Amino acid sequence: MNSLPKCPQCSSEYTYEDREVFVCPECAHEWPKVAASAAEEVRVVRDAVGNILQDGDSVTVIKDLKVKGSSTVVKVGTKVKSIRLVDGDHDIDCKIDGIGAMGLKSEFVKKA
């Protein structure tokens, strides 16, 4: 009879199709018909030179970077150890000696 999936949020049986998504009329939850493939979920972060970055790598800053809300500057050649890759505007979370926790964009670093 109804071959449409149940709502993953409220388990309602009354889901319907709307273009590329399924919609639940009871809780208004929408989810894609086609599940995201594993290849799309894996995000590759590259440095300024094109090297692939991974969690735990060490990188070197290639440009003077002003620290927002402060008068300090991260100088060219500053080495950052044990980076963590994150989603968002800034690709890298790290700690820089003398400055503290920061978010960096991958386009301003190169793999050390």
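**Pairs, edges and a nonpolar core**

Author: Opposite Asp93 of strand 11 stands Arg84, in what is a predicted model.

Reader: What makes strand 10 and strand 11 a pair?

Author: Two strands count as paired if at least two bridges are found between them. Strand 10 (residues 84–85) and strand 11 are joined in the antiparallel sense over two bridges, so they meet that condition. The two strands form a hairpin with six residues between them, and in its turn Gly88 has a positive phi of about 130°.

Reader: Why are strand 9 and strand 13 said to stand at the edges?

Author: The open sheet of three strands has the order 9-6-13, with antiparallel pairing. Strand 9 (79–80) and strand 13 (109–111) each have a single partner strand, so one side of each is left without a neighbour in the sheet. Strand 6 (residues 59–61) pairs with strand 13 over three bridges, and within strand 13 the bridge partner of Val59 is Lys111.

Reader: Why is the aromatic pair of Phe22 and Trp31 called tilted, rather than stacked or edge-to-face?

Author: The structure holds one aromatic pair. The ring centres of Phe22 and Trp31 lie 5.8 Å apart, and the limit is 6.5 Å, so the rings count as a pair. Their planes stand at 40° to each other; stacked would need under 30 degrees and edge-to-face over 60, so the pair is tilted.

Reader: Are Phe22 and Trp31 buried or exposed, and how do you know?

Author: Buried means under 20% relative accessible area. Phe22 has 11% and Trp31 has 13%, so both count as buried.

Reader: Which residues touch the most other members of the largest nonpolar core, and what gives the most to this core?

Author: Of its 15 residues, Val80, Cys94 and Leu104 touch the most other members. Strand 6, strand 11 and strand 12 each give two or more residues to this core, and strand 11 gives the most, with three. Strand 11 has a covered face of Ile92, Cys94 and Ile96, and an uncovered one of Asp93 and Lys95. Leaving aside its neighbours within four places in sequence, Val80 is in contact with residues including Val59, Val61, Cys94, Ile96 and Leu104.

Conventions: Residues numbered from 1 in each chain as written. Predicted model: local features only at pLDDT ≥ 70, side-chain atom pairs only at ≥ 80, totals over all residues. Heavy atoms only, no water. Helix = DSSP H or I, 4+ residues; strand = E, 2+ residues; numbered from the N terminus. Phe/Tyr/Trp six-rings, centres within 6.5 Å; stacked < 30°, edge-to-face > 60°. Buried < 20%, exposed > 50% of the residue type's maximum accessible area, 1.4 Å probe, protein only. Core = buried A, V, L, I, M, F, W, Y, C linked by side-chain atoms within 4.5 Å. Contact = heavy atoms within 4.5 Å.
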